[in-house]
Amino acid sequence: MKIKKVLILVFSSFFLISYAQNMELPKDYLNKEFHKERREKLRAILPKNSVAVFFTNAVRNRANDVDYVYHQDPNFYYLTGYKEPNALLLIFKEEQKQGNTTYNELIFVQERNEVAEMWTGKRLGKEGTRNSLGFKIVYNGREFESYDIDFSKFDKILFENFKNDVRDTSEEADLYDLIQSFKQKISFDFSKLNNPTNDKIYSKAKKRIDLETLQILMASLREIKTKEEIVLLKKAVEISAVGQLEMMKAMHPNMSETEAQGVHEFVYKKYGAEFEGYPSIVGAGNNGCILHYTNNIKPVIGDGNLILMDLGAEYHGYTADVTRTIPANGKFTTEQKLIYELVYKAQEAGIAEMKIGNNFNHPNEVTRSIINKGLAELGIIESEDSDHLYYPHGSSHHIGLDVHDASNFGSFEENMVITVEPGIYIPEGSNCDEKWWGIAVRIEDDILITKNGPVNLSEMAPRKLEEIEAMMKLPSVLDSFVLPKLD
């Protein structure tokens, strides 16, 4: 894989530019007008005489000289459409003036670099950001350090506090450098943030620093999806539902958890979904009782076991979250059936609560009440008031650019997309009859809230017990996909 970097120099910049311009890209990305409108929406709710500051995500190292596949900060993408690292966005409440130029937003992006682009792909640079993303004023990142901006004139500087996972690389004006320049410009010593101090300069700067409001404002925008977002989110959800459906047909007891995961993710790629929205959870038997089980290494799922599959495709940035639990051999046992039907009953009641005006906690309260009563009737807990960990999580969360999307968790509004995912998990060794041990069931669907009631975007994947068993009797297109055995 190692190539002498000097060989790159034989390629002309003309080749690099024309190659990048001729690359075929999907036609259904969000357009620049969407991102511009989102910036306008944010500007409208910013406090007077304020500036909102956004940074891209860090490039994170996987091992040695290999990095993880880069993924943009959702807020940054939402407001810009920019997918590269090492950039900075400033949105001003009021018009700013410098010389003869007026502006209300600035973006600083990573600079074009012929050698770097040969290794990691084309960069938009200043011109590309102007032309493709619709920004009027664009600077290279290295220009931020010397850019004349007086942050002391703003009543509020809104941004989210920094994580400690940003490396200082050899590249000029990387994210580390941008953050350091910003800290210097706002004259704020973050080491004193939670400590008493008599530093007058720090205290004066602290009055302008707001690390909380921006998160609330962005959540208020992102939790209600636009028409364009719903199109992409619906596609992500339907892709994920097809993955569940195909897995029902392909499942057999001798399959491994890894292979089951691969079937889902193959479907995602087949439909053009770039990523998984989160690490895939594929837990057979007792592994299903681990809520965020992502090892997925059990070599044989096993006859008689349930397999819990919680996965979601990410399509053009938007992430689904769909869970199905099915019997490896195609037939639920008596105990599995009783637990499954209880979870299904709870989910149906939770979905019915997904109506405009209802409180975010309603589905959780309803599903929890039904599950507690059912567990008591089955003798798994003493009474419906008993404390237990058989349903240890909430029923719902928003989805969107994040699988647990930004939200202020208020009342439901039109065009929110929220999961309903009750579950029951009875790990081996639990304080109940052994016949229940190792049973884990979660059913999760993605619900669009509309004026006419809840719409299940993931309904393509069967939920009813008898529908699952019927689907598992059908042949799979993967039945004939047989690879040679390896030693």
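Select helix 11 and helix 12 (residues 362-377): their axes come within 8 Å and cross at roughly 155 degrees. Helices here are DSSP runs of H or I with at least four residues, strands are runs of E with at least two, and both are numbered from the N terminus. Axes are lines fitted to C-alpha atoms, for helices over the stretch in contact, and angles run from 0 to 180 degrees between N-to-C directions. The model is predicted; local features need pLDDT of at least 70, and side-chain atom pairs count only at pLDDT 80 or more, while totals for chains, interfaces and linings use all residues. Residues are numbered from 1 along each chain as its sequence is written, and side-chain values use heavy atoms, with hydrogens and water left out.

Helix 11 and helix 12 are therefore roughly antiparallel to each other (angles under 35 degrees count as roughly parallel, over 145 as roughly antiparallel, 65 to 115 as roughly perpendicular and the rest as oblique). Their crossing is right-handed, meaning that the near helix is turned clockwise from the far one by less than a right angle. Now show the side chains of the contact (heavy atoms within 4.5 Å). Helix 11 brings L342, K345, A346, A349 and G350, and helix 12 brings P363, V366, T367, I370, I371, G374 and L375. By class, this contact has eight nonpolar, three polar and one charged residues. Ala, Val, Leu, Ile, Met, Phe, Trp, Tyr, Cys and Pro count as nonpolar, Asp, Glu, Lys and Arg as charged, and the others, Gly among them, as polar.

Strand 18 (residues 445-450) runs antiparallel to strand 19 and is joined to it by four bridges.

Next, select strands 9, 12 and 13. They form another open sheet with antiparallel pairing, in the order 9-12-13. Strand 9 (275-276) and strand 13 (318-319) have a single partner strand each, so one side of each is left without a neighbour in the sheet. Two bridges pair strand 9 with strand 12 (residues 313-315) in the antiparallel sense; F275 has E314 in strand 12 as its bridge partner.

Move to helix 2 (residues 32-45) and helix 8 (residues 213-222), whose axes come within 10 Å and cross at roughly 130 degrees. That makes helix 2 oblique to helix 8. The crossing is right-handed. Show R38, K41, L42 and I45 of helix 2 with L214, L217, M218, S220 and L221 of helix 8, which make the contact. These residues divide into six nonpolar, one polar and two charged.

Finally, show the whole protein: its secondary structure comes to 13 helices and 19 strands. The C-alpha atoms fill a box of roughly 75 × 55 × 45 Å, taken along the principal axes.

How values were computed
Two strands pair if DSSP finds at least two bridges between them.
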